[in-house]
Amino acid sequence: MSTSHVVARIEPDKLTAELLRAWSWHRQGLDGRMAGLTAPAVLDTVGWARSVGGANAYLTLFARAGIGRAEADAALAEQEIHELPTARGCTYVLPASGYAWGLQIGHSSAEAAVKVLMRLGVERSEIESLSQEVLQVLRGIRGTDAEAMDPRGLKKILGDKVRNLGDEGKKKGASTTLPAALGLLQADGRIRRVPVNGRLDQQRYSYVAWELEGTGESDDVVRARMLERFLRWTGGATLGQIRWFTAFTVAQTKAALAAVGAVEIDTAAGDQLWLRPADVKALTAFEAPSAEDIQLLSGSDSLVLLRRNSADLFDEAGKIAVAGMSGSALAADLSDHPILDRGRIIGLWQYDPENSRIAWWTFDPASPAVRERIGQVEQWITEDLADFRSFSLDSPTSRAKDIAKLDARRLA
């Protein structure tokens, strides 16, 4: 299928911001089509859930398939889903089908940490030797989650084999040699880290031995798989958006696009989107739903994070409404969590654990459907999570001003 043929079939004027927002909503499974799916099936279909010690992974599963924390935690305990470093070296919650190739995509970031230590005078052989010592310790405790060991325990056993890198190391973000060794082992699938309390919304980990089999595939093949998944999850993306998520070079990106047969189409706004051929066909027949469809999502949900294009999800009235707000409501990364209707951001929210409620503000008066969904998510957070952190250092105190700001906007 040639690019010119595809463009002729989808006139750019049809691909308005409104239609593309609804299309992304559909591709992300936020239109109810994922009800009843398991946690790994959701993550495989709509994309890996960003994990930075916040509750995004839980809301990702709840919003799309009604999955509660107990079911998500059980999937984590059974290794059906797991938090791993992958694209750009960032941590995401992946389904088991993505473990091996997801780690391969992120392996270069582990190597980058080693290079930092080498610039500090640490030989690679020292890091590899420490890695073997760590692996020996973890294998010695049999590697079950119940017998996992945290970094402090490892340092106590390993003693002088873990080198302190002093003030210069701290400046480079590497106070000892242990994190680099752990990173190499994790990137190779020889160890995995497990949350100390079995929950995804925190960042305290222990480590266990692992024996994950590699893909046996070349990096070119794995990059093509990553690109195919990314386009499937998003329904289409610009070259810049693809490169932001994957951290591929221009040459690697173009090779992967060619490998999956991706085609480029123009939009009404003048952007060029790359799509899988199957999605071009589906988009040709797609029509935006006419009925209201409300969701509350995390600010790091795949809908906004995969392409880092949250500003595109505001209509003009929404942009005007948030233009005077402090923070980054219109920046690439949202300052608050979004309330959406068919892919359009219509309001913002934060959770107030002190009063067990959601603080919210919609740009226009809230409809009954909006209020109903806010109540549903509020009840779920209160009963299932107790709080809703954006990231590990987020706290009720740190978000107090944001909560007050939203309350003031809603009551104005």
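**View 1. The crossing of H11 and H12 is right-handed.** This is a predicted model, as are the views that follow. Here the axes of H11 and H12, the latter covering residues 239–246, come within 11 Å and cross at roughly 120 degrees. That angle makes H11 oblique to H12, since roughly perpendicular runs from 65 to 115 degrees and roughly antiparallel starts over 145. On the H11 side, look for Met226, Leu227, Phe230, Leu231 and Trp233. Their partners in H12 are Gln241, Ile242, Phe245 and Thr246. Sorted by class, this contact has 7 nonpolar and 2 polar residues, with no charged ones.

**View 2. Helix H4 meets helix H17 at a crossing of roughly 135 degrees.** H4 spans residues 56–65 and H17 spans residues 368–385, and their axes come within 12 Å. The angle makes H4 oblique to H17. As for handedness, this crossing is right-handed. H4 brings Tyr58, Leu59, Phe62 and Ala63 to the contact, while H17 brings Arg373, Val377, Trp380 and Leu385. The tally for the pair is 7 nonpolar residues, 1 charged and no polar.

**View 3. Helix H2 packs against helix H14, with axes that come within 12 Å.** The helices here are H2 (residues 17–27) and H14 (residues 277–285), crossing at roughly 125 degrees. H2 and H14 are therefore oblique to each other. Their crossing is right-handed. Leu19, Trp23 and Arg27 are the H2 residues in the contact, and Asp279, Ala282 and Leu283 are the ones from H14. Split by class, the contact holds 4 nonpolar and 2 charged residues, and no polar ones.

**View 4. The largest cavity has a volume of about 60 Å³.** Searching the whole structure turns up 2 cavities of 30 Å³ or more, and this view zooms in on the largest. Around the space sit Leu76, His82, Glu83, Arg193, Pro195, Arg199, Leu200, Gln202 and Tyr205. Two strands take part: E2 (81–85) and E4 (191–195) each supply at least two residues of the lining. Among the charged ones are Glu83 and Arg193.

**View 5. The second largest cavity holds about 40 Å³ of space.** Its lining is made of Ser24, Gln28, Trp233, Thr234, Ser302, Leu303, Leu306 and Arg307. By class, the lining of the second largest cavity comes to 3 nonpolar, 4 polar and 1 charged residues.

How values were computed:
Residues are numbered from 1 along each chain as its sequence is written. This is a predicted model: local features need pLDDT of at least 70, side-chain atom pairs count only at pLDDT 80 or more; totals for chains, interfaces and linings use all residues. Side-chain values use heavy atoms; hydrogens and water are left out. On a 1 Å grid over the protein atoms alone, a cavity is a set of points where a 1.4 Å probe fits but cannot get out, and a pocket is an open set with protein on both sides within 12 Å along at least five of seven lines; lining residues have an atom within 4 Å of a point. Grid points are joined across faces, edges and corners, and a volume is the space filled by probe spheres set on the points. Helices (H or I, at least four residues) and strands (E, at least two) are DSSP runs, numbered from the N terminus. Axes are lines fitted to C-alpha atoms, for helices over the stretch in contact, and angles run from 0 to 180 degrees between N-to-C directions. Angles under 35 degrees count as roughly parallel, over 145 as roughly antiparallel, 65 to 115 as roughly perpendicular and the rest as oblique. A crossing is left-handed if the near helix is turned anticlockwise from the far one by less than a right angle, and right-handed if clockwise. Contact means heavy atoms within 4.5 Å.
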